[in-house]
Structures are given as structure tokens and as C-alpha cells.
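Hi there,

Here is the structure I promised to hand over. Please have a look at it, and then read on for what turned up.

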Amino acid sequence: MNAWLIYDHEGADRNRDYIDYHYEVGSRYGVNFKLLYAEDPDLSVRDGKPDFAVVRAIRPDINKRLEECGIPTYNNSKVSFITNHKGRCVSYISENTDVPVIPTEVITRGDDVRARLEGKEGYVIKSASGHGGTSVRRVAVSEHFYDDIEKCIAGDDLILQPFVDGPGEDVRVYVIGKEIIAAAKRRAPEGEFRANASLGGLVERYTLSEKETEYVRRITDVFDFGMVGIDFIVDERGEFVFSEIEDVVGARMLYKTYPEIDILDKYIKYLKYKTVNSDH
């Protein structure tokens with residue numbers, strides 16, 4: 001069985017070990033991965049049509065193009081399109097489930113940002129397609145703030161949300177298909193409101209309650225996932241509120257907190273099973 005692994009050049013440079021691990025795990029299951037780059041303008045079936053493609057670049061257009069050629073992609077183009085715009089994702093969850101979400105406004109590129117932020121001090125603003133928490137800011141209207149926003153979120157839609165005054169914790173739930181693999185809680189470091197592990201957040205194992213598990217189930221019911229991370233913020237009552245879904249989800253946090261779980265092994269085994277049992 002042949003599969004494509006698609007990264008952009010920057011992502012491939014950062015994740016060489018993980019790419020090599022795809023080759024290693026793939027060989028266990030008879031899946032031969034070939035690395036291709038998202039920037040290749042001629043990315044097509046000229047290289048021989050694979051059985052499926054794992055797209056580790058945030059490029060829904062590539063997922064869609066490959067699917068039109070009859071190549072299943074993971075995650076598929078619908079998942080990629082919805083989840084890689086935070087406003088679109090929150091709207092989809094709100095419209096298709098009864099899972100609590102953070103009230104969200106989208107500020108499009110043509111909007112007057114200053115006017116939209118009037119009276120919104122203390123809210124959170126972020127890039128609609130940002131990852132890792134680096135483009136998340138508390139709204140504090142000043143020239144310095146607007147300069148900062150322009151630098152770190154230039155050219156993207158913005159997401160405006162009320163600040164959730166909870167314990168500074170969020171929970172990421174790792175999912176393959178419809179199966180919950182594990183959950184990890186992240187706590188913001190002292191003096192920080194963002195709990196991202198890449199920004200120094202403290203990470204530990206987390207056991208979902210029945211109610212929290214049901215929230216995840218309701219989300220998996222309205223998507224056809226390959227592998228994702230579903231993120232919830234913990235509010236002031238200790239309750240889950242949906243935040244976002246990571247399409248190109250990283251595994252470092254999971255391997256750190258659950259060294260006994262090899263999520264890539266589980267994922268490739270799942271992809272092979274799904275391909276063998278597919279109607280394609």
C-alpha cells in the first residue's frame with residue numbers, strides 16, 4: 001500500500017523525526033510513505049496515484065484537489081476547511097450540536113478593526129487560522145496594541161471572544177476516527193492566560209467525565225475525522241466550553257503525558273483498515 005505524506009517545507013524541517021517515524025511505523029503495516037511538499041505547484045497524480053494521502057499542511061485546497069482525483073485525504077477537505085478557521089469551526093459546532101461554545105465574532109479583513117474593538121477591552125482576539133497561541137492577545141486598546149495586532153495577525157480574519165475567567169486550564173482530547181484516544185490538561189503558567197504547552201503551559205493526564213465524553217461524542221458524530229485534537233476551555237464553574245479543533249494536530253504533548261500510547265501506530269493502523277475496507 002502506498003501513501004503520500006504532505007508537508008510544507010517549513011513544517012517538514014521542524015518535523016524530520018516525525019516524518020521518519022511515519023516511514024518506520026508504515027513499514028510495520030505494509031504502508032510505504034512518500035514525502036511530498038505542499039508548495040509543489042505540480043502536486044498531482046503524475047507521481048503515481050497513492051491509496052491515500054496524509055496532509056500535514058494547512059491547505060484545504062490540496063485536500064480537495066486530491067479528493068477530486070479519487071485520493072482519500074486525512075483529514076478530509078471538509079474537516080480541513082472547517083477546522084482551520086476558528087470562527088467557521090465554532091459556528092459549525094454551534095449549529096450542529098448542543099455542545100457549549102464561546103460566543104465568537106469574526107472580524108474580516110475588510111472590517112474597521114478599531115471600530116469593532118470599541119468597548120471590548122478584556123476580550124480575547126486571535127488569528128482565525130493561528131496555531132500554538134502565538135497570535136492570541138487580550139484586547140487593550142492603544143496604538144501599541146494595534147501595531148502588535150497588525151504584525152502578528154496581518155492578512156487574516158480575526159476572532160473576537162469574551163475572556164473565559166476560569167482557572168487558566170484547557171483540555172485537549174485526541175481522537176482517531178470516532179475513538180477517543182486520550183486527554184491531556186494544560187494549565188497556563190503564572191502571569192499568562194494561554195495554556196499552550198509551546199508557551200510554557202504545564203501538561204498532565206486528564207480523565208474525562210461522562211458529560212465531557214458525551215461532548216466529544218457529539219462532535220465526532222458531525223465529522224468524519226482521521227486524527228484531530230479537540231480543545232475545550234475550562235470555565236469558572238469547572239465546565240467544558242468548546243474552543244477549537246486542531247486538524248494538523250501535534251503528538252508531542254501526548255507522547256510526553258502518555259508514553260505508553262503510540263498514537264501514530266494507532267493512526268496508521270486505522271488508515272490502513274479504513275482504506276482496505278473502503279468503497280474507493
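**The sheet**

In this model, Ala53 stands opposite Thr73, a residue of β4. Before going on, a word on the basis: this is a predicted model, in which local features need pLDDT of at least 70 and side-chain atom pairs count only at pLDDT 80 or more, while totals for chains, interfaces and linings use all residues. Residues are numbered from 1 along each chain as its sequence is written, and side-chain values use heavy atoms, with hydrogens and water left out.

Strand β3 (residues 52-55) runs parallel to β4, and two bridges join them. Strands here are DSSP runs of E with at least two residues, helices are runs of H or I with at least four, and both are numbered from the N terminus; two strands pair if DSSP finds at least two bridges between them. The open sheet has four strands in the order β2-β1-β3-β4, with parallel pairing. β2 and β4 (73-74) are at its edges with a single partner strand each, so one side of each has no neighbour in the sheet.

**Helix α2**

Helix α2 covers residues 16-28. Which of its residues are buried? They are Tyr18, Ile19, His22, Val25 and Gly26, where buried means under 20% relative accessible area, exposed over 50% and partly exposed in between (1.4 Å probe, protein chains only). They lie on the same side of α2 because they cover an arc of only 125° around the axis; the arc is that of the directions from the helix axis to the C-beta atoms. These buried residues pack against β1 (2-7), α1 (9-14), β2 (32-37), β12 (227-234) and α10 (263-276), with contact meaning heavy atoms within 4.5 Å. Exposed Asp17 and Ser27 are on the face turned away from the buried side of α2. Just after α2, Gly30 has a positive phi of about 70°.

**Two more residues**

Ser129 sits in the loop between β6 (124-127) and β7 (137-138). Its relative accessibility is 33%, so Ser129 counts as partly exposed. Ser129 is 45 residues from Asn84 in sequence, yet their C-alpha atoms are 5.5 Å apart. Neighbours within four places in sequence aside, Ser129 contacts Asn84, Lys86 and Asp156.

Thr220 belongs to helix α8 (residues 210-221). Thr220 counts as buried because its relative accessibility is 1%. Leaving out residues up to four places away in sequence, Thr220 touches Val175, Gly177, Lys178, Phe225 and Ile230.

Notes
Expected span 1.5 Å × (residues − 1).
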